[in-house]
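Reader: I am new to reading structures, and I would like to take a close look at one single part before I try to follow the rest. Could you walk me through one residue and then lead me on to other parts of the model?

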Amino acid sequence: MTTANLLDFDLEGLAAFCEKLGEKKFRATQLYRWIHQRGASDFTQMTDLAKSLREKLATTARVEALPVITQHESKDGTIKWLFDVGDGNAVEAVFIPEDDRGTLCVSSQAGCAVGCRFCSTGHQGFSRNLGTGEIVAQLWFAEHFLRKHLKRDERVISNVVMMGMGEPLQNYSALVPALRTMLDDNAYGLSRRRVTVSTSGVVPMIDRLGADCPVALAVSLHAPNDPLRDDLVPLNRKYPIDELIEACKRYLAHAPRDFITFEYCMLDGVNDQPEHARQLVDLVRKHGISCKFNLIPFNPFPASGLLRSPQPRVLAFARTLSEAGLVTTVRKTRGDDIDAACGQLAGDVKDRTRAAERMAQRRAAEQRPVVLHPVRKTKTVSQEH
Ligand code: SF4
């Protein structure tokens, strides 16, 4: 007999499951707390549940963690786990400790179909969507592992970013119940402001997320104009920049923060020139959107054929945005000694769709140069403190 994985349920789903077992709704809240707040997976431990319920659960339900294939800890405290999701697929989650927060970067898909040029997950191709339980299991495991590892009784993970492998808004039906569990006070109780969905720009789903479960939104922009973004983030061909930014503006009506974060991966000679920064300023002014920019040093991987922008150029780019009144940060690289930094998550994904091969063939056919839209290099500005 197949049993239900209780990590698949938000509280409403768990209540419906308990009702089917002939149990009162409040039992679901107790069960939910045992699982998510206390990390319990063994029903016999749940001593305030009636024995009859525990017996029913033993035959109808399970709390199924993802098997850990590897765990790597960086010298800066970052921890990366590779989880087995079956059939040769694996996904990664990364814990990033900071003085005032603990952030978990969570995956939503095994591989990714969007195929961004600078992303090692995108180069692996798409294998499959994760289920709600597989998304939640990353947080469930990490939180309770870390409490033991760090000998802490209270919550360790204060922030979740859906920035691991996959495009979360292309796995919407699994994502939303997972977000609800992250936010629920009977589970992880994270603030909406501290749960971030990062998207490459699936416009219709941005609107749905705003209506169904508004959390902080980050958008992988990476280019200030459509021709360049078409190449770096192929989804742009379907949802061009103007449409995307208008969707972001609509989202702000629901968002827990009063700005959208635009992520911008700095690629040497590709999107890091002074005119790109000026185009970004014009774009933001044209749409009048409240936003912040987060400039990300690219983490090179061999198949990309791309290089990291030199730091002085990143700082000059940041300065152009800042001087135009746009709040701009440069992301600190964390965990790069364990390949846990942004854009380096690849897992061990079996490329069933052969997307990577198709992409390589397409590029070869187009004889696309590695450096896109080359521009005259200007003298770089040195860092000023
Ligand atoms: S950056 Fe995000 S959307 Fe783009 S390929 Fe990587 S995982 Fe997919």
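Author: Let us begin with Leu21, which sits in the loop between helix 1 (11-20) and helix 2 (25-37), and keep in mind throughout that this is a predicted model. Leu21 counts as partly exposed because 14 other C-beta atoms lie within 10 Å, and that number falls between the limit of 12 or fewer for an exposed residue and the limit of 20 or more for a buried one. When residues up to four places away in sequence are not counted, Leu21 touches Lys56 and Thr60. Lys56 stands 35 residues from Leu21 in sequence, yet the two are 7.5 Å apart in space, taken from C-alpha to C-alpha.

The largest nonpolar core has 99 residues, and the members that touch the most others are Leu14, Leu104, Leu139, Val160 and Met266. Helix 5 (residues 132-149) gives the most to this core, namely seven residues, and at least three residues come from each of domain 1 (4-62) and domain 2 (68-366). Taking Met266 by itself, and leaving aside its neighbours within four places in sequence, we find contacts that include Leu295, Ile296, Pro297 and Phe298, as well as Asp272 and Ser309.

Finally, there is the ligand, whose surrounding residues include Cys112, Cys116, Cys119, Met165, Glu167, Ser200 and Ser220. The shell around the ligand divides into five nonpolar residues, six polar ones and one charged one.

Methods. Residues are numbered from 1 along each chain as its sequence is written. This is a predicted model: local features need pLDDT of at least 70, side-chain atom pairs count only at pLDDT 80 or more; totals for chains, interfaces and linings use all residues. Helices (H or I, at least four residues) and strands (E, at least two) are DSSP runs, numbered from the N terminus. Two residues are in contact if their C-beta atoms, placed from the backbone, lie within 7 Å. A nonpolar core is a set of buried Ala, Val, Leu, Ile, Met, Phe, Trp, Tyr and Cys residues joined through C-beta atoms within 7 Å. Domain bounds come from an automatic or database domain assignment. A residue is near a molecule or strand if its C-beta atom, placed from the backbone, lies within 6 Å of it. Ala, Val, Leu, Ile, Met, Phe, Trp, Tyr, Cys and Pro count as nonpolar, Asp, Glu, Lys and Arg as charged, and the others, Gly among them, as polar.
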